[in-house]
Amino acid sequence: MGEAAPNADAVEGGGLQTAKELFSGAAGGIAQVLIGQPFDIVKVRLQTSNQYSSAFTAAASIWKNEGPLAFYKGTLTPLLGIGACVSIQFGAFHSARRYLESYNASKDSSFVPGTSQLGYGEYYAAGAFAGVANSVISGPIEHVRIRLQTQPHGAARLYNGPWDCVRKLMAQGGGVSGLYRGEAVTILREATAYGMWFLTFEYLMNADVRRNRIDRKEVPSYKIAFYGGLAGEALWLASYPFDVVKSKMQTDAFGSAQRYKTMRDCFAQTWRAEGMRGFWKGIGPTLLRAMPVSGGTFAVAEMTLRAIS
């Protein structure tokens, strides 16, 4: 069986390479939070309330009634948590990619891990795996963030920071299950979203490499950011209805005042009350946010990985 010389990624595909991918993902996650938090709070307010007629109205109301710092309300939790989430996303994706490359190489002697490209169904599967792995921590992190973003302002606020929110959610929801409310729809959203996210980015990067006959490391940073931004648009278009249901469930009351009993019940009630439009509330600011946030995430993660490799 003839063997081609594998590239550095294939050779270094053990613990050290995984550590580098986790670190670069964490750097991308920090960039993601700092760029996207103001957009995210507007999105959540639109998804969970009927008091705003548009994204602009929501943003203007937040600025007027709560001040500019309110756009970074609940930032500590995602700043710590999303860094970890994106780290897991990139680490899990590349681990799954290497596994699929090794499997393909074992079946086809012409396939060279790290050089030959996977099929796009395989990129989607690796991304979906990353999303499911990520959901273990993204579910409770986003639940806490949404509670902090939607609580009343000033003296009427319900939580004195993220740890107080965690404590109260567990007390009201019967332990860990209260913190993990909406986890089933979170898993569906993450698998769909990150399957499409990584698939779109890898498709665009591979197409650029083929078109210009260059190595992946030669793709300039502005193109990485642009392709990453387009991947962000694809992510939300593929998964947004799941995100709406997740937000509704994670802002719902506990006990006798609880409105949505299950994920299926939330889908059904949203459809009856608002029709198809109800599953796309807030999509405008979300897509506006996706381009810079996703572009910044991929650019920072990819350039960080290049710098430490």
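I sorted the lining of the largest cavity by class and found 12 nonpolar, 11 polar and nine charged residues, where Ala, Val, Leu, Ile, Met, Phe, Trp, Tyr, Cys and Pro count as nonpolar, Asp, Glu, Lys and Arg as charged, and the others, Gly among them, as polar. I note that this is a predicted model, in which local features need pLDDT of at least 70 and side-chain atom pairs count only at pLDDT 80 or more, while totals for chains, interfaces and linings use all residues. Residues are numbered from 1 along each chain as its sequence is written, and side-chain values use heavy atoms, with hydrogens and water left out.

I searched the whole structure and found two cavities of 30 Å³ or more; a cavity is a set of points, on a 1 Å grid over the protein atoms alone, where a 1.4 Å probe fits but cannot get out, and its lining residues have an atom within 4 Å of a point. The largest holds about 380 Å³ of space, a volume being the space filled by probe spheres set on the points, which are joined across faces, edges and corners. Of its 32 lining residues, Gln32, Glu142, Tyr194, Trp236 and Arg289 are the closest to the centre.

I then turned to the second largest cavity, with a volume of about 60 Å³, whose lining includes Ser24, His94, Arg216 and Glu302. Its lining divides into six nonpolar, two polar and three charged residues.

Note on methods:
1 Å grid on protein atoms, 1.4 Å probe; cavity = no way out; pocket = protein on both sides within 12 Å on 5 of 7 lines; lining within 4 Å.
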